[in-house]
Structure formats: C-alpha cells, structure tokens
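Student: I have a model open and want to learn how to read it. Can we take it one feature at a time?

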Amino acid sequence: MAFYDGLFDALGLRTWCDAAESDGPMSMAQLLQQSSGQTAEQVAAAGTPLLETPFPSLDALAEACPAIIRTRDMTTGVEEAFLAVKDPLKVVLGPVTQPLSWALDGTMDLFEALPWFLLIPILLLITWYATRSIALVVFVGLAFAFMGFIDHYLYAVQTLSIIFVCTIISVVLGVPIGILMSRSNTVQRIAIPILDMLQTLPTFVYLIPLIFLFSVTESKLYGIAIILYAIVPVIRLTDLGIRLVDRDVIEAADAFGMTSRQKLLGVQIPLALPNIMAGVNQTIMMSLAMVVIASLVSAPGLGVLVLRGIRNLELGVGLVSGFCIVLLAILLDRVTKAALNRVNAAQTH
Amino acid sequence: MSEKEPKVRIRDLYKIFGPDPKTALQHVREGMGKAELLEKTNHVLGLRAIDVDVLPGEITVIMGLSGSGKSTLIRHFNRLIEPTAGQVLVDGEDVISYDEAALRQLRQAKMSMVFQKFALLPHRTVLQNAGMARRVRGEDESAANAAGQKWLDRVGLGGFEGKYPHQLSGGMQQRVGLARALASDSDIMLMDEAFSALDPLIRTDMQALLLELQKDLQKTIVFITHDLDEALKLADHLVILKDGSVVQQGEPQQILLNPNDPYIEDFVSDINRARVLRVRSVMRPMNGKTTGFSGVADVNDNLERLIELSGGDTAQAFRVQQDGKDVGVLEMRDLVRALVPAHPSGSDSVR
Ligand SMILES: Nc1ncnc2c1ncn2[C@@H]1O[C@H](COP(=O)(O)OP(=O)(O)OP(=O)(O)O)[C@@H](O)[C@H]1O
Ligand SMILES: [Mg+2]
C-alpha cells in the first residue's frame with residue numbers, strides 16, 4: 001500500500017479515510033505504476049526505501065487516505081471559485097471599464113481614418129511643440145516615412161494609438177493616486193506592495209484572469225493589461241516627486257497661508273513636474289512593451305506581425321516588425337525625454 | 001522701555017519633540033534638564049517656559065547658539081509648530097486656539113516670514129514671487145504685481161522682475177524674500193536667520209537696508225540670529241536662548257554691561273565693546289556739574305568715537321547731549337572700565 005498508510009493508521013483516521021473511498025480519476029503516480037506493469041501489491045511488497053520517501057504532498061497523502069483531495073482537485077477548485085466570482089465581478093467591472101473600450105476603439109478609428117498626409121504632419125507638429133528640436137522632428141519624419149514605405153505604417157499607427165490612450169489614462173489615474181500616496185504614509189505603505197506586485201508579475205500572468213473576465217474580442221481586455229502594467233512608474237514618481245519638493249519652499253507656502261489646494265497646484269505639482277514627466281516617459285515605454293505582448297489577446301498593431309513571425313516561422317516578418325518596434329521605442333523615448341529636459345530647464349539651471 | 005501694549009506675547013511656552021510630549025512635559029516641569037530628558041525618555045526639549053513680549057514697532061532679536069531653539073521659537077509665532085503647552089497671544093488673541101481658517105487668515109494678513117534659505121518659488125519670476133502673498137490672499141494678478149513691483153523697487157531690485165530666482169545671487173534672492181514679506185503689508189515680520197547665508201559685505205548691506213526700511217515702516221520684527229554683532233546692530237530688545245530656555249532678555253546694551261550668565265559672558269567676550277557700547281549706557285547723571293568738560297558727546301555716539309575725541313586721556317570728562325540738551329556726564333574712567341567685560345560672579349579677575 002501507499003507510503004503514508006501507517007501515519008493515518010497511527011492517527012486512528014483509517015475509518016474516516018476509507019469512508020470516503022471512491023473511484024475518482026487516478027493520480028499521476030497510479031497512472032505511472034499502471035503503465036510500468038506492476039500492481040500496487042507488488043510495489044507494496046517491495047516496500048519504499050527510506051531514501052525515496054515521497055514529500056507529504058496532497059497526491060501522496062491522498063494515495064494513503066482517499067478522503068484527502070488531490071492536487072488536481074485543488075486546481076479545479078480554484079478555477080471553480082474564480083468562475084463563481086467571475087459573473088458578479090463582470091457585472092461591476094463590465095460597465096466600469098466599458099469607456100476604455102470606447103476610448104481605444106474610437107481613437108484607433110480616428111487614427112486610421114486620418115489620411116497619412118494629415119497624421120504624419122500632425123505628429124511632426126506635436127514633436128516640435130514638445131521638443132523644439134529640428135533633429136527630432138526630422139527623425140520622426142524619417143521613421144514614419146520608412147515605416148510607410150515598407151507598408152508597416154498602419155500597424156505602427158495602431159500601436160501608437162493604443163499607447164496614446166493607455167498613457168493618457170495612466171496619467172489621469174496615476175497622478176492622483178501618486179498625490180494621495182505622497183500625502184499619507186498609510187496610503188503609501190498599502191500602495192507600495194501592490195505596485196511592486198504589478199511591476200514584478202510576469203507580463204503574461206496579467207492576461208490569464210483578464211481572459212476569463214472579458215471576451216477576447218473586447219479591446220478593454222488588452223487596455224487593462226497595459227494600463228495595470230504601465231501605470232506603476234507614473235504613480236511612483238508622482239509620489240516621489242511631491243515628497244522631494246524642498247521642505248523650505250513648502251514651509252514658505254504654509255507661512256504665507258496657502259490653502260492645501262493652492263499649495264498642491266501652485267507649488268507641489270509644478271516642482272514635482274520633472275519627476276512626474278520622468279514617470280510618464282517610463283509609462284510610455286512600458287505601454288509599448290506591453291502592447292506587443294497584448295497582441296496575444298488580439299491587440300492590433302506591430303505586435304500582431306511579431307506574433308505572426310513566431311507562429312508561422314516567418315523570420316523576415318518578425319525581424320522587420322521587431323525593428324519597427326525598436327524604431328517606435330527610440331522615437332517615443334527621445335521625444336518624451338527632450339520634453340522632460342525642457343521642463344527641467346525651465347525650473348533650474 | 002515704553003508702556004506700549006505688546007504686539008505678541010509668548011506665555012509659559014513649552015515644546016517637546018517626541019512620541020509622548022505630555023508625559024515628558026511633566027518631567028520637564030519637575031525640573032528635568034535637556035540632556036537628562038533625552039537620555040531617560042528619548043524626547044528632545046525644544047523650548048522651556050518661554051516668556052517673551054514683543055513690542056510693536058521694535059526689532060526683537062532672538063539669539064542663541066545652534067540647537068538652542070531659535071527656529072523652534074519663531075515658528076510658534078505663526079504656529080508652523082504646535083506648542084506642547086503655553087500661549088501665543090497676537091494682539092491679545094490666543095493663536096493656539098485658532099482653527100485652520102483663522103490661522104490661515106493670520107498668516108496671510110498679519111505675519112510674513114523671511115527664511116534663511118530664501119525659499120522662493122523656483123518656477124516663478126521674481127515679480128511673481130514678490131507678489132505671492134497677495135495672490136495667496138486672492139487678490140488679482142495686477143494688484144499682486146503692483147505690490148510686488150513697488151517693494152522690489154524699494155529693496156533695490158527694480159529691473160530684475162522678469163528674472164527667475166536662480167538667475168540672481170544669494171543677496172539679491174534674499175532681497176526678493178524681503179520684498180515678498182513686505183508686500184504682504186503685515187504688521188509683523190518674522191526673520192529666521194535671514195542674513196546668515198550671505199557673505200559678510202552683503203550681510204552688512206542687508207542689515208542697513210532693513211534698518212532703513214524699519215525707520216519708515218515701524219514694523220514689529222522678530223529677528224533670529226546666532227551672530228552677536230548682528231544682534232547688537234539690529235536689536236531694540238534682545239532675547240538670549242540657551243538649550244531651549246531664555247537666559248536673559250532686555251536692552252542689548254544692558255545685557256552687554258551686566259551679563260547674568262557665564263554663557264552670555266562667553267558670547268560677549270569676543271566683541272569690540274568700544275564700537276558697540278553707546279555713551280548713554282555708560283554716562284552718569286549731571287548732578288549739577290557744569291564745568292571741566294573737554295567736549296560734547298551725543299548719547300548715541302559709540303565709545304570708540306569718545307576715545308578718539310579724548311585722544312586716549314582717561315582724566316577727561318564729556319558733556320553728553322541729546323537733541324541739544326544736556327542729559328549727563330561721561331567720565332573717561334567709566335568708559336575704560338566699561339570696555340572690560342563684567343563678571344557677575346566676581347570670582348576671576350580680568351582675563
Ligand atoms: N522636528 C524635530 N524633531 C525632533 N527634534 C527637533 C525637531 N526640530 C528641532 N528639534 C530639536 O530642537 C532643538 C532646537 O532646534 P532649532 O532648530 O530650533 O535650533 P536653532 O536654534 O534654530 O539652531 P540653528 O541655529 O542650528 O538653526 C534642537 O536640539 C533640535 O535637535
Ligand atoms: Mg534654526
């Protein structure tokens with residue numbers, strides 16, 4: 001018989017164990033035994049050498065005492081529990097997140113509907129206003145010309161539109177959260193482990209519960225995955241930025257009787273702006289990283305091409321689209337960093 | 001000095017830093033000292049039993065070594081720090097009982113502050129900084145700018161209004177800090193080591209500027225410094241702090257002539273007494289004496305000038321006048337004696 005039989009006998013649990021005896025599905029160990037052609041009796045007769053003492057896992061214990069559940073039952077249990085809360089959760093999360101789908105779809109439609117000879121100049125103008133750098137404007141122009149020339153323009157624009165929406169939402173949600181964190185040590189203590197978790201969770205793991213909650217055809221599915229991942233730096237750096245504002249300046253603001261609102265809008269946020277902008281830069285870069293992975297759950301854009309390259313072993317497609325992603329990454333990074341430097345320059349020399 | 005009603009009165013003020021100040025306060029009231037309190041309860045004694053009256057229109061200087069509690073004390077005037085016990089009365093009202101709105105009102109209208117590290121808004125222009133108090137109060141941009149401009153001109157910074165603070169030198173930045181405080185039109189001005197970060201020449205300029213402004217404005221100024229020369233130059237009333245307690249306060253000349261504590265003796269032993277002491281502090285009453293004077297001195301002349309007048313002859317005496325009237329006699333012998341620091345203990349002789 002099984003290794004832990006003796007344990008249950010000694011504890012006087014034998015009758016409880018056997019009362020629950022059933023012929024459920026066989027455990028992995030039983031399957032292996034069967035295929036090796038030995039019967040349970042033969043194994044038992046041979047006895048288990050002490051060195052091969054199995055870890056008292058659910059499976060090993062269940063073998064000796066059928067009343068104990070097996071690991072497979074446990075995972076099924078988790079799945080069922082998740083499915084049970086899924087529907088109520090969906091009732092709440094569905095409507096709340098619906099605007100995200102609209103924003104993603106609407107922006108994507110807009111970006112796609114704009115003819116290239118309008119959209120590219122608009123992007124160049126934005127680059128100019130943000131950076132005041134001719135070199136960067138030329139670089140952005142060349143990059144889009146190149147992607148257009150090799151017929152990757154549409155994909156790039158799709159990727160850009162997703163990043164655009166997700167970054168805006170991350171900033172709109174992240175800055176207030178960061179402000180709350182900076183004002184209360186308790187909030188900060190609670191938020192930091194959550195942020196750590198969001199940042200260290202392997203990116204694929206985000207997708208698993210989301211796939212169950214939302215259908216893959218909804219764009220909010222990838223939107224949420226991207227925002228959860230990319231919102232972290234803007235929250236962190238808003239918090240940090242506000243906490244780093246010169247104590248003396250804050251004291252002066254207090255001494256002249258500023259309200260906390262005047263202080264926040266007139267002193268803390270402006271002085272934290274370089275840090276907040278650095279957070280936005282990182283948020284954009286992380287959105288880009290995630291939007292590629294999110295193509296696994298139907299996010300359109302360059303990631304789709306990368307995925308096709310992997311799936312169909314179309315090496316060229318994968319490499320070229322990968323290069324376009326790198327190009328987008330450099331371009332977004334340079335433009336936001338240049339904008340950031342302008343903010344810095346306006347404050348200190 | 002005068003019978004004026006004090007503008008600010010500090011009454012029996014205590015401040016203890018630490019997690020449980022109330023219990024620590026008990027110990028302090030029973031006589032525990034700063035070092036013992038720190039060692040036994042891990043609380044820092046910031047201020048102990050402070051009683052100070054600040055008279056309107058005067059410069060009250062609070063002086064003490066680093067860590068003596070000067071910054072802590074001045075921050076109680078506008079309640080940037082909450083006291084552990086005691087009262088702060090401004091125009092007779094207890095500031096400690098104020099709610100948030102009343103406190104903000106006080107800070108916006110009655111008290112302004114100048115900081116050691118300037119603490120200007122780095123992202124605002126000099127003009128915007130100068131008009132800050134007005135804008136905080138809700139006045140519109142043009143009113144704030146007009147007030148800012150007026151005071152910038154007054155402190156000698158006309159022409160710099162469009163610059164940013166980092167484009168100015170330290171001395172100029174502190175002029176902006178001063179203009180910012182003045183532009184609030186508050187009666188009371190708190191200055192925490194306002195000139196300590198400046199180099200000596202600029203510092204002298206700023207002291208002169210402050211005195212000149214004060215002649216016209218007659219503000220109630222609380223000025224913090226760790227520098228005795230600066231204190232003697234500015235003070236109408238001098239408060240000396242040590243380890244969170246007031247060791248002596250009064251007219252600066254009197255403190256100089258009659259220090260009541262070895263701590264103060266140490267403080268005053270290094271200064272040029274001939275330059276700081278004034279005739280009025282050393283002179284005697286007339287007592288009918290009318291002849292034998294070698295000259296006329298003003299009550300506010302310093303002793304250095306008298307030594308110069310007498311050519312070093314200790315046998316001479318001078319007629320002392322104020323506004324053209326005789327008010328006393330200065331014997332050179334008294335003058336020479338006053339040049340040697342007094343020792344209230346009487347133990348050791350002249351060093
Ligand atoms: N927030 C605080 N927590 C604990 N102790 C404090 C705090 N603020 C001040 N202290 C202590 O109170 C005492 C007085 O400090 P304060 O800053 O008032 O001194 P100061 O006279 O202004 O010195 P300095 O000339 O260096 O500015 C010091 O012993 C200091 O360590
Ligand atoms: Mg200080």
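Predicted model: local features only at pLDDT ≥ 70, side-chain atom pairs only at ≥ 80, totals over all residues.

Student: How many disulfides does the structure hold?

Tutor: Start with the idea. A disulfide is a covalent bond between the sulfur atoms of two cysteines. Over all chains, the count here is zero.

Student: Are Cys166(A) and Cys324(A) buried or exposed?

Tutor: The cut-off for buried is under 20% relative accessible area. Cys166(A) has 0%, so it is buried. Cys324(A) is also at 0%, so it counts as buried too.

Student: Next, cavities. How many of 30 Å³ or more does a search of the whole structure find?

Tutor: One. The largest cavity holds about 40 Å³ of space.

Student: Which residues line the largest cavity?

Tutor: Read a lining by residue, then by class, then by element. The residues are Leu182(B), Met189(B), Leu210(B), Leu213(B), Gln214(B), Leu217(B), Lys219(B) and Ile221(B). By class, six are nonpolar, one is polar and one is charged. Helix H9 of chain B, residues 200-217, gives the most to this lining, with four residues.

Student: Now the ligand. Which residues are around ligand 1?

Tutor: Among them are Phe17(B), Lys34(B), Val44(B), Thr72(B) and Glu193(B). The list also includes Ser66(B), Ser68(B) and Lys70(B).

Student: Which atoms of Ser66(B), Ser68(B) and Lys70(B) lie by an oxygen atom of ligand 1?

Tutor: For Ser66(B), a polar side-chain atom lies 2.5 Å from a ligand 1 oxygen. For Lys70(B), a side-chain N or O atom is 2.8 Å from an oxygen of ligand 1. Ser68(B) uses a backbone N or O atom, 3.2 Å from a ligand 1 oxygen.

Conventions. Residues numbered from 1 in each chain as written. Chains lettered and ligands numbered in written order. Heavy atoms only, no water. Disulfide = S-S within 2.5 Å. Buried < 20%, exposed > 50% of the residue type's maximum accessible area, 1.4 Å probe, protein only. 1 Å grid on protein atoms, 1.4 Å probe; cavity = no way out; pocket = protein on both sides within 12 Å on 5 of 7 lines; lining within 4 Å. Points joined across faces, edges and corners; volume = space filled by probe spheres on them. Helix = DSSP H or I, 4+ residues; strand = E, 2+ residues; numbered from the N terminus. Nonpolar A, V, L, I, M, F, W, Y, C, P; charged D, E, K, R; others polar. Near = heavy atom within 4 Å. Polar contact = N/O pair within 3.5 Å; in protein donor to acceptor, adjacent residues only side chain to side chain.
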